[in-house]
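Please have the viewer open as I go.

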Amino acid sequence: MTQPAEFYQRNRSLHPPALTPGYKTSVARSPRYSLIALGNSVSEITGPVFGQNDIDPGDNDLLTNYARPGEAPIGERIILHGRVLDENARPVPNTLVELWQANAGGRYRHKKDTYLAPIDPNFGGCGRTLTDANGYYAFRTVKPGAYPWRNMVNDWRPAHVHLSVFGSGFVQRLITQCYFQGDPLIPLCPIVQTIPDPDAIEQLIALLDMNATIPLDTIAYRFDIVLRGRRSTLFENRPEGN
Amino acid sequence: MAQTLSYLKETASQTAGPYVHIGLAPGAAGFDIYKQELGWDIAGPNAQGERIRVEGRVIDGMGAPIKDVMLEIWQANADGHYAHPEGGGPVEDGFRGWGRVITDFETGEWGFDTVKPGRTPGRDGRQQAPHLNLWIVARGINVGLNTRMYFDDEAAANARDPVLNLIEWEHRRATLIATRSEAGGTVVYRFDIRLQGDDETVFFDV
């Protein structure tokens, strides 16, 4: 029986801890006992595989995927693009990236969102795509607006896009949020500040990318995503050797 | 100058938030956008093995069910093979082994239909007991929580499972074992997940 090559241990100091009282909902939704460390078996190193049949090519264009014919959402037109890499800086190809966000006014198309800013009839707010052979992905959307939330009396989320990424193993599964360069709400946000490492916060901020901007059409932001790397099988304790 | 390691650092996790459904289950958010939503059919029509239903709730530290949670399931087929190039062997056409489940917004109840998985090899070559791998995200959960669900009618296999036996506190192993019942010809396993407090579910750093 060969040992599967494991994923690198997750560096939990780069991630938010479970209990972050400034983000109030975490208080009752955080385990009190320690996580049990688990080496990887086939259950951990495998994960779902998606193909082009699972999605439509237009699913990554939020300017058109919910708009009425001939109409478009209101807001700042942006391309959000980047690469999905692993910790070894290798591209993660053919992996599913899903995205969701509020509209330009900070309103979500969700029956539980009651913020008084209006719904945009031409904007759904979700998209999905598969990375290409180089790990590259791109979405077209509008830049989301900030919105208030019931945490402290006057808390506002910075403009952000939620991103969900798979990788090749189920233990690479990641959901995160991407912020936008220069937003003064970023340092004030209790959810951003759940992350203890300032460099890890910087890594969540998409950068204005003039080189990818389409003149007279759409401005661009760049956001690269890093998933856990996986080690080779060198020096694994395998009876048959490497 | 000292050498430096050139590894990249993993992107930090953030909560999925209360509107996770918009991206990952838009029908539940209240709108119809995609030709097909992903994750609703775990085993597919051709999967061999026993058809089962799994139901439960996710309960917070105050004892209240969480009504905006999303779970993902990753499992082997009845032969113990995952639908992945390194998954151990072939699977039936249409068997993905991955599913996505959201709770009822009013009751917090969730459920899904699948097949009971077979045994898979553990890292030391010992067979693992049949299990589902679960990943839980929600508002208030900063990093997705990994756990496993085992089956109470697999007592002998569970007793020798290399992962359950990692858990030093023997009484906590019971938090990972679902309870079987049958109703109207349907086999149902009940699995409540307690995030915090008495009978807190075991979560793994995988």
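This is a predicted model: local features need pLDDT of at least 70, side-chain atom pairs count only at pLDDT 80 or more; totals for chains, interfaces and linings use all residues.

Let me begin with B:Phe191, which, once neighbours within four places in sequence are set aside, is in contact (heavy atoms within 4.5 Å) with B:Glu55, B:Gly56, B:Arg57, B:Trp110, B:Leu134, B:Arg148, B:Met149, B:Thr175, B:Leu176, B:Ile177 and B:Ala178. Residues are numbered from 1 along each chain as its sequence is written, chains are lettered from A in the order in which they are written, and side-chain values use heavy atoms, with hydrogens and water left out.

B:Phe191 sits in the loop between strand E9 (186-190) and strand E10 (193-194) of chain B, where strands are DSSP runs of at least two residues and helices are H or I runs of at least four, numbered from the N terminus. The residue is buried, at a relative accessible area of 1%; buried means under 20%, exposed over 50% and partly exposed in between, with a 1.4 Å probe and protein chains only. Further along, in the loop between E10 and strand E11 (204-205) of chain B, we find B:Thr201, which is also buried, with a relative accessible area of 1%. Its contacts beyond four places in sequence include B:Thr175, B:Leu176 and B:Asp192.

Turning to strand E4 (residues 98-102) of chain B, five of its five residues are buried, so the strand is largely enclosed by the rest of the structure. In a regular strand, side chains alternate between the two faces of the sheet. Here both faces are covered, with B:Trp98, B:Arg100 and B:Ile102 buried on one side and B:Gly99 and B:Val101 on the other. Strand E3 (residues 70-74) of chain B runs antiparallel to E4(B) and is joined to it by five bridges, where pairing requires at least two DSSP bridges; B:Glu72, for instance, has B:Arg100 as its bridge partner.

What of the nonpolar cores, meaning sets of buried Ala, Val, Leu, Ile, Met, Phe, Trp, Tyr and Cys residues joined through side-chain atoms within 4.5 Å? The largest has 72 residues, and those with the most contacts inside it include A:Leu80, A:Trp100, A:Phe223 and B:Ile22. Its largest share, five residues, comes from strand E9 (residues 174-180) of chain A. A second, separate core of 26 residues includes B:Val58, B:Val101, B:Ile136 and B:Val187. As for B:Ile22, the residues it touches, again beyond four places in sequence, include A:Trp100, A:Tyr108, A:Cys126 and B:Phe31.
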